[in-house]
Amino acid sequence: MSTVAFVRDHANAWSDLSAVFSPLSARVAMREVPERCLFGTDAPYGEPAVSRALVERTSPSNEVTSMVLGENIQRLLRL
């Protein structure tokens with residue numbers, strides 16, 4: 001939760017969801033700072049399908065899911 005507060009309070013901070021320890025952490029991050037959450041898998045230690053399912057199942061909306069799964073990183077990298 002302190003990471004979410006840090007990202008909320010610092011304009012240049014982003015939250016990588018690749019190594020969250022509980023679905024609650026991902027859910028809170030996506031509700032509080034959806035425009036600064038990034039999808040990740042923590043490969044080779046994480047499983048991409050599980051990471052994606054976590055985002056899809058804990059996201060508050062389809063719009064936020066799209067942001068986290070690609071739109072945010074595209075905006076950050078100006079692609």
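Predicted model: local features only at pLDDT ≥ 70, side-chain atom pairs only at ≥ 80, totals over all residues.
Twelve residues make up the largest nonpolar core: Val 4, Val 7, Ala 13, Leu 17, Ala 26, Ala 29, Met 30, Val 33, Cys 37, Val 55, Val 64 and Val 68. Helices H1 (2-9), H2 and H4 each supply two or more residues to this core. The greatest contribution, three residues, comes from H2. In soluble globular proteins, nonpolar side chains tend to be buried together.

Helix H3 spans residues 48-58, and its buried residues are Ser 51, Val 55 and Thr 58. Viewed along the axis of H3, these buried residues fall within an arc of 90 degrees and therefore line one face of the helix. Ala 49, Val 50 and Arg 57, on the other side of H3, are exposed. The cover over the buried residues of H3 includes helix H2 (23-32) and helix H4 (62-76).

Val 55 belongs both to the buried set of H3 and to the largest nonpolar core. When neighbours within four places in sequence are left aside, Val 55 is in contact with Leu 17, Met 30, Phe 39, Thr 65, Val 68 and Leu 69.

How values were computed:
Residues numbered from 1 in each chain as written. Heavy atoms only, no water. Buried < 20%, exposed > 50% of the residue type's maximum accessible area, 1.4 Å probe, protein only. Helix = DSSP H or I, 4+ residues; strand = E, 2+ residues; numbered from the N terminus. Arc of directions from axis to C-beta. Contact = heavy atoms within 4.5 Å. Core = buried A, V, L, I, M, F, W, Y, C linked by side-chain atoms within 4.5 Å.
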